[in-house]
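Here is a friendly tour of one chain and its two ligands, taken a piece at a time. Please keep the model open beside the text as you read.

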Amino acid sequence: MGTYFKNIWEGIWTVLVGMKITWSHLFTPAVTIQYPDVKLKLPERARNRLYVNMDDCIGCDQCAMACPVDCITIETLKSTPDVDLGLTSVGTKKRLYVPRFDIDIAKCCYCGLCVPPCPTECIKMTDVYEFSEYERNNLIYRYATMTPAEIDAAKTKLAAYEKEQAEKKAAAPPKPAAPAPARVPVGAKPAGVPAAKPVSSPAPAPVDPPENPENKS
Ligand code: SF4
Ligand code: SF4
């Protein structure tokens, strides 16, 4: 019988202890926010979704080489000499088309290693952190701005240019072979090398005889 009442008392006591903690938090300021209506301000250097400004990308591949998880895929295409692709905003001349620039953000670990090597500062971390998707493929961001028609046109033009260059090279007369250097026997002086002059030792400088102490007055 004693154990029965003891168990009842322990149950009541446990509830009272729990309620004491609840009551103590009832009169303290709330630490939660009403997300997504209210959002916390992110630190200045927070690392979130990447962004690439393709107007400034020169296709140098530095960001892809720095990525530890290989989530950046870049394809480039040479432009022909008659095409001026312009300059980036930092004054770097663009020489390559970039028909493909994909970032698989599902693989990205937000390390930020791809940002510092970029010579034109066109890849950067943004403050966007809400980009969940139902389909994994939607997390592959395709930044390239060239259309398939533009890519095909650039490829065709480059192929024609390379063919023309190859034809010109094949039609050019062969260059005369340079004469082989004459063989010089071991120990013999090669032709055209002047004979070494004998080295004469310098004449000794005259030395004044020591003064006779008897001549001193
Ligand atoms: S943040 Fe890191 S993991 Fe993500 S793309 Fe850049 S280098 Fe790769
Ligand atoms: S490092 Fe910068 S310029 Fe080079 S490919 Fe990457 S984003 Fe483009």
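## The sheet and its helix

Three strands form an open sheet in the order E2-E3-E5, with antiparallel pairing. Its edge strands, each pairing on one side only, are E2 (72-78) and E5 (140-142). From one strand to the next, the twist averages 15°. Two strands are said to pair if DSSP finds at least two bridges between them; strands (E, at least two residues) and helices (H or I, at least four) are DSSP runs numbered from the N terminus.

This is a predicted model, in which local features need pLDDT of at least 70 and side-chain atom pairs count only at pLDDT 80 or more, while totals for chains, interfaces and linings use all residues. Residues are numbered from 1 along each chain as its sequence is written, and chains are lettered from A and ligands numbered from 1 in the order in which they are written.

E2 and E3 (residues 96-104) pair in the antiparallel sense over 6 bridges. Take Leu77 as an example: its bridge partner in E3 is Tyr97. Helix H3 packs on the sheet, where it touches E2 and E3, and its direction makes about 45° with that of E2. Contact here asks for C-beta atoms, placed from the backbone, within 7 Å; axes are lines fitted to C-alpha atoms, for helices over the stretch in contact, and angles run from 0 to 180 degrees between N-to-C directions.

## The chain as a whole

The chain has 3 helices and 5 strands, running α-β-α-β-β-β-β-α from the N terminus. Of its 217 residues, 8% count as buried, meaning that 20 or more other C-beta atoms lie within 10 Å of a residue's own. Among contacts with a separation of 6 or more, 78% come from residues 24 or more positions apart.

## Around the ligands

A residue is near a ligand if its C-beta atom lies within 6 Å of it.

| Ligand | Surrounding residues | Closest |
|---|---|---|
| Ligand 1 | 14 residues | Cys67, Cys108, Cys111, Leu113 and Cys114 |
| Ligand 2 | 15 residues | Cys57, Cys60, Gln62, Cys63 and Cys118 |

The shell of ligand 1 divides into 13 nonpolar, 1 polar and no charged residues; that of ligand 2 has 11 nonpolar, 3 polar and 1 charged. Ala, Val, Leu, Ile, Met, Phe, Trp, Tyr, Cys and Pro count as nonpolar, Asp, Glu, Lys and Arg as charged, and the others, Gly among them, as polar.

Note on methods
Two residues are in contact if their C-beta atoms, placed from the backbone, lie within 7 Å. A residue is buried if 20 or more other C-beta atoms lie within 10 Å of its own, exposed if 12 or fewer, and partly exposed in between; C-beta atoms are placed from the backbone.
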